[in-house]
Amino acid sequence: MEKEELVKRIKELKEKRRAVIVAHNYQVDDVQEIADMVGDSFALSKYCASSKADTIVFCGVHFMAESAKILSPDKTVLLPVLDAGCPMADMVTAEALREVKKRHPGAAVVCYINSSAEVKAESDICCTSSNAVNVVRSVKEKDIIFVPDKNLGSYIAKKVPEKNIILWEGFCITHHRIKADEAKKIKELYPDALLLVHPECRPEVVALADFVGSTKKIIEFASQSNSSRFIIGTEMGVLYKLKKDNPQKTFYLMSQGLVCANMKKTRLEDVYNALNEMKYSIELDEDIRIRAKKSLDRMLEIA
Ligand code: CIZ
Ligand code: SF4
């Protein structure tokens with residue numbers, strides 16, 4: 001099917017299914033273009049929860065669709081590509097976390113939103129890369145087990161030195177791939193450009209940045225800044241919105257390696273098939289959903 005025809009059929013099916021389509025900032029341009037909302041995982045989940053739609057098509061990775069289902073149990077949440085997962089989220093299981101909790105009985109568990117519903121259920125409070133520092137600060141315990149991203153955990157540990165952060169050996173295979181040498185080289189190539197990086201990057205890369213933040217914060221910073229040139233240190237999908245919102249500004253990707261293969265799996269055909277065949281529906285055990293929701297609710301209380 002031609003793109004135009006696909007887009008037309010997606011729109012028809014969307015009406016028929018009373019659906020909304022949401023896309024993460026890292027999705028391919030074609031998918032971002034047809035989405036009702038584009039954003040980070042938590043903003044999208046909140047949008048889905050407040051929507052009147054019966055069906056949510058979540059163009060992103062598995063943990064994101066799960067987060068949407070946690071907040072919208074009565075809606076049908078569809079993940080168009082079943083094996084679009086997040087390797088970092090898979091680096092922690094509820095079972096492994098329970099083992100570590102036993103070794104640190106007085107510690108609180110803070111989990112990054114990039115985690116499964118089971119891991120969220122096993123945690124005290126959830127966080128995003130936008131609010132991680134505030135969430136950790138708000139926790140009363142001094143010892144905090146932070147899962148699963150050791151890079152985001154290290155970033156928080158520097159910002160909140162009064163806490164003892166127990167790091168987990170997890171990382172984003174996309175952001176962690178980029179080494180400081182590569183970041184230094186591109187800074188030398190464009191000395192007047194500001195380097196904006198995601199805290200999932202290695203600490204040595206984060207140390208070189210002019211600004212550190214989530215996709216949402218990076219997009220806001222670039223739009224509000226007086227500078228006109230930026231080096232972007234997060235997944236390349238954000239370039240779509242950055243360029244669309246700021247046609248007069250120039251953006252360079254920090255590394256050609258900043259491509260998340262899982263985020264790129266979802267194509268327009270998959271969105272069409274998702275709506276046509278109502279697949280793949282996310283189902284959660286109700287006990288896990290309720291416990292996972294508590295972690296998300298606690299995060300909302302402090303935000
Ligand atoms: O929470 C998200 O959506 C992720 C994975 C990244 C970000 O910074 O928005
Ligand atoms: Fe997971 Fe990294 Fe891909 Fe985000 S960019 S979905 S953290 S692997």
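This is a predicted model: local features need pLDDT of at least 70, side-chain atom pairs count only at pLDDT 80 or more; totals for chains, interfaces and linings use all residues.
Let me begin with ligand 1, whose surroundings consist of His24, Tyr26, Asp40, Ser41, Met64, Ile113, Asn114, Ser129, His198, Ser214 and Thr215. Among these residues, His24 has a side-chain N or O atom 2.5 Å from an oxygen atom of the ligand, and Thr215 likewise places a polar side-chain atom 2.5 Å from a ligand oxygen, while for a polar side-chain atom of His198 the distance to an oxygen of ligand 1 is 2.6 Å. Taken on its own, ligand 1 has 270 Å² of accessible area, and the protein covers 98% of that.

I turn now to helix H10, which runs over residues 180–189 and in which Ala180, Ala183 and Ile186 are buried. These residues lie on the same side of H10, because they cover an arc of only 130° around the axis. On the other side of the helix we find Asp181, Lys185, Glu188 and Leu189, which are exposed. As for what the buried residues of H10 pack against, the partners are helix H11 (203–206), strand E11 (229–233) and strand E12 (250–253).

Finally, consider Tyr272, which sits in helix H14, residues 268–277. Is Tyr272 buried or exposed? Its relative accessibility is 13%, so Tyr272 counts as buried. Leaving aside residues up to four places away in sequence, Tyr272 touches Met1, Leu6, Arg9, Ile10 and Leu13. Tyr272 and Pro80, although 192 residues apart in sequence, have their C-alpha atoms 8.5 Å apart in space.

Note on methods: Residues are numbered from 1 along each chain as its sequence is written. Chains are lettered from A and ligands numbered from 1 in the order in which they are written. Side-chain values use heavy atoms; hydrogens and water are left out. Buried means under 20% relative accessible area, exposed over 50%, partly exposed in between (1.4 Å probe, protein chains only). Helices (H or I, at least four residues) and strands (E, at least two) are DSSP runs, numbered from the N terminus. The arc is that of the directions from the helix axis to the C-beta atoms. Contact means heavy atoms within 4.5 Å. A residue is near a molecule or strand if one of its heavy atoms lies within 4 Å of it. A polar contact is a pair of N or O atoms within 3.5 Å; within protein, one must be able to donate a hydrogen and the other to accept it, and residues adjacent in sequence count only if both atoms are side-chain atoms. Accessible areas come from the Shrake-Rupley method with a 1.4 Å probe; for residues, only the protein chains shown count as cover.
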